[in-house]
Amino acid sequence: METHDVPLARRELIAARLAAGQGVAAAALAAEFSVSEDAIRRDLRALAAEGRCRRVYGGALPPTPGALPMAVRSGVDIVHKRALARAAAATVRRGEFLFLDNGSTNLALAELLPEDHALTVATNSVDIAAALLRRADLRLLMLGGVVDPTVGGCVDTTALLALQRLDIDRAFVGACAISAETGASAHDAADAEFKRALLAASREHVVMVTNDKLGTRAPHRFAALQALGTVIVEHDADAAALAAAGATILRADAPV
């Protein structure tokens, strides 16, 4: 039997290798530490849930820079995200069919959507769907498929096909990075493809951007600035470059 401290110490040793940029193989680790591969897989699952690695067949790789699991992102910088969400909620019109894309700021929006607006809301996010399920004043549509824990929802072919059948009034599109030079981008290729389809399936587009995403780039571009509609930034954001490049900027109020 393993003691309580031994697996934690082993997990930290594995995490240190991943942080140094090394990939790890479950079979090799099991032999090195004289434990079962199941024990190593438990370690890797725990590290993946903390955003410290990416699970792959037979082991794990270092995490993609900037790509933390939804479970981690949802608890970070919540005051600023709620300020952005309040500005976004003010754009919603009565009777609209909305889409809330995966993202922790969109999760904050789910809790602030206006009541008694006869809204229909679709989402591919597990956490957003769970939050909206408690709302008796709106109709909820959940897109299914295989759940990606880093993205926080479904962006596979099943979700993409379901999205293409929708006629959306207003889409709140998540972005991992945004810059005047390259527009909006995402860390995950399938997520970027889903966002492109979401833009095509909706009439109005809104993107909420925290300051840490401004002027940054992710590997997969999904939209030019001019295609994003309204870009909501924080009250103190330096958004001059975005505006000069053609983005329509809406500034949120200071966090309460």
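Let's start with the radius of gyration. For 256 residues, a compact globule would come out near 18 Å, and this protein has 20 Å, which agrees. Keep in mind that this is a predicted model. Along the principal axes, the C-alpha atoms fill a box of roughly 60 × 40 × 35 Å.

The accessible surface is about 12,200 Å². Carbon and sulfur atoms account for 54% of that surface. As for cover, 47% of the 256 residues count as buried. Take the contacts between residues at least 6 apart in sequence. Of those, 59% join residues at least 24 apart. The secondary structure comes to 10 helices and 15 strands.

Next, the strands around E9. Strand E9 covers residues 168-172. Strands of a sheet pair through backbone hydrogen bonds, either parallel or antiparallel.

Look at Ala-171 in E9. Its bridge partner is Phe-99. Ala-171 also stands opposite His-205 in E12. Keep Ala-171 and Phe-99 in mind for the next residue.

That residue is Leu-198. Leu-198 sits in helix H9. Is it buried or exposed? At 0% relative accessibility, Leu-198 counts as buried. What does Leu-198 touch, once residues up to four places away in sequence are set aside? The list is Phe-99, Asp-101, Leu-163, Ile-168, Ala-171 and Val-173. So much for the list; now one pair from it. Leu-198 and Phe-99 are 99 residues apart along the chain. Their C-alpha atoms are separated by 8.4 Å.

Stay with helix H9, but turn to charge. The structure holds 14 salt bridges. One of them joins Lys-195 and Asp-101, with the closest N and O atoms 2.6 Å apart. This pair links distant parts of the chain, 94 residues apart. Lys-195 is in helix H9, residues 189-200. Asp-101 is in the loop between strand E4, 97-100, and helix H6, 104-110. Are the two partners buried or exposed? Both Lys-195 and Asp-101 are buried. Asp-101 is also among the residues that Leu-198 touches.

A second salt bridge stays within the helix. Arg-196 meets Glu-193 at 2.7 Å, N to O. Both lie in H9, three residues apart, about one turn of the helix. Arg-196 is partly exposed, with a relative accessible area of 33%. Glu-193 is partly exposed too, at 38%. Elsewhere, salt bridges that share partners join Arg-10, Arg-11 and Asp-43 into one network.

One more pair: Glu-96 and Arg-93. Their side chains meet in a salt bridge at 3.5 Å, N to O. Glu-96 is buried, because its relative accessible area is 8%. Arg-93 counts as partly exposed, because its relative accessibility is 49%. The cut-off matters for Arg-93: exposed would need over 50%.

On to another sheet. This one is open, with three strands in the order E1-E3-E2 and antiparallel pairing. Which strands are at the edges? They are strand E1, 24-25, and strand E2, 54-56, and each pairs on one side only. Three bridges join E2 to strand E3, residues 59-61, and they run antiparallel. Within that pairing, Val-56 stands opposite Gly-59 in E3.

Last stop, the surface. Val-126, Met-142 and Val-147 form a nonpolar patch there. Together they have about 220 Å² of accessible area. Met-142 is in strand E6, residues 139-142. Why does Met-142 count as partly exposed? Because its relative accessibility is 35%.

Leu-198 is buried at 0% and touches Phe-99 and Ala-171, among others. Lys-195 reaches Asp-101 through a salt bridge, and both are buried. Arg-196 and Glu-193 pair within H9, and both are partly exposed.

Note on methods. Residues are numbered from 1 along each chain as its sequence is written. This is a predicted model: local features need pLDDT of at least 70, side-chain atom pairs count only at pLDDT 80 or more; totals for chains, interfaces and linings use all residues. Side-chain values use heavy atoms; hydrogens and water are left out. Patches are made of residues with over 30% relative accessible area and no salt bridge: like charges are joined within 9 Å, nonpolar side chains (Val, Leu, Ile, Met, Phe, Trp, Tyr) within 5 Å. Accessible areas come from the Shrake-Rupley method with a 1.4 Å probe; for residues, only the protein chains shown count as cover. A salt bridge is a side-chain nitrogen of Lys or Arg within 4 Å of a carboxyl oxygen of Asp or Glu. Helices (H or I, at least four residues) and strands (E, at least two) are DSSP runs, numbered from the N terminus. Buried means under 20% relative accessible area, exposed over 50%, partly exposed in between (1.4 Å probe, protein chains only). The radius of gyration is taken over C-alpha atoms; the globule rule is 2.2 Å times the number of residues to the power 0.38. Contact means heavy atoms within 4.5 Å. Two strands pair if DSSP finds at least two bridges between them.
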